[in-house]
Amino acid sequence: MGMTDPISDLLTRMRNAIAMSKDTVLVPASNMKLRIVYLLKEEGFIKNFKFVNDDKQGMICIYLKYDDSNRKSAITQLQRISRPGRRTYVKSDALPRVRNGLGVAIISTSQGVMTDFQAGKAGIGGEHVCSVW
């Protein structure tokens with residue numbers, strides 16, 4: 001039996017790794033997860049990521065980002081918004097602002113997965129996948 005919500009699994013694995021102050025976390029790969037992790041890197045929430053080919057599905061190795069002085073994570077909270085049982089869609093004129101612009105909302109649009117800022121600039125709405133701050 002397959003996993004019902006792979007995006008929640010990604011966020012939970014990252015949340016658990018941050019709670020244990022791990023430097024890296026491995027998650028099963030998919031195109032959606034790769035795009036979400038890419039956006040998190042672009043926004044400065046993680047150091048880097050790498051696709052690891054294992055001749056099956058593949059894995060994503062995520063390098064988490066911490067403050068050097070007190071080992072505090074760059075990610076304070078990862079919140080899943082749209083779930084398989086309850087999809088949440090937003091229009092282009094009602095895109096969410098996470099923590100008054102300090103966080104980022106990840107939106108799945110007809111033109112791909114992008115941040116709330118990118119979707120606002122493109123003037124399109126979509127499914128509000130998750131919020132990170």
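Throughout these legends, contact means heavy atoms within 4.5 Å. The views show a predicted model, in which local features need pLDDT of at least 70 and side-chain atom pairs count only at pLDDT 80 or more, whereas totals for chains, interfaces and linings use all residues. Residues are numbered from 1 along each chain as its sequence is written, and side-chain values use heavy atoms, with hydrogens and water left out.

**View 1. Surroundings of Ile62.** Leaving aside residues up to four places away in sequence, Ile62 touches Leu10, Met14, Asp23, Thr24, Val25, Val27, Val37, Ile46, Asn48 and Phe49. Of these, Phe49 stands opposite Ile62 in E3.

**View 2. The open sheet E1-E3-E2.** Three strands, paired in the antiparallel sense, form an open sheet in the order E1-E3-E2; helices (H or I, at least four residues) and strands (E, at least two) are DSSP runs numbered from the N terminus, and two strands pair if DSSP finds at least two bridges between them. Because E1 (24-28) and E2 (46-52) stand at the edges with a single partner strand each, one side of each is left without a neighbour in the sheet. Neighbouring strands are turned by 20° against each other on average, direction ignored, where axes are lines fitted to C-alpha atoms, for helices over the stretch in contact, and angles run from 0 to 180 degrees between N-to-C directions.

**View 3. Partners of strand E3.** Strand E3 (residues 59-64) pairs with E2 in the antiparallel sense over six bridges, and Phe51 stands opposite Ile60 in E3. Five bridges join E1 to E3, again antiparallel, with Pro28 opposite Met59 in E3. In the hairpin of E2 and E3, six residues lie between the strands, and Asp55 takes a positive phi near 60°.

**View 4. Helices across the sheet strands.** Helix H1 (residues 6-19) lies across E1, E2 and E3 and runs at about 165° to E1. Helix H2 (residues 31-42) also lies across E1, E2 and E3, running at about 155° to E2.

**View 5. Nonpolar cores.** A nonpolar core is a set of buried Ala, Val, Leu, Ile, Met, Phe, Trp, Tyr and Cys residues joined through side-chain atoms within 4.5 Å, buried meaning under 20% relative accessible area with a 1.4 Å probe, protein chains only. The largest nonpolar core has 27 residues, and those with the most contacts inside it are Met14, Ile36, Leu40, Ile46, Ile62, Leu64 and Ile75. Two or more residues each come from H1, E1, H2, E3, strand E6 (104-109) and strand E8 (126-132), and the largest share, six residues, comes from H1. Apart from this core lies another of nine residues, among them Ala105, Ile107, Met114 and Ile124.

Key: Buried means under 20% relative accessible area, exposed over 50%, partly exposed in between (1.4 Å probe, protein chains only).
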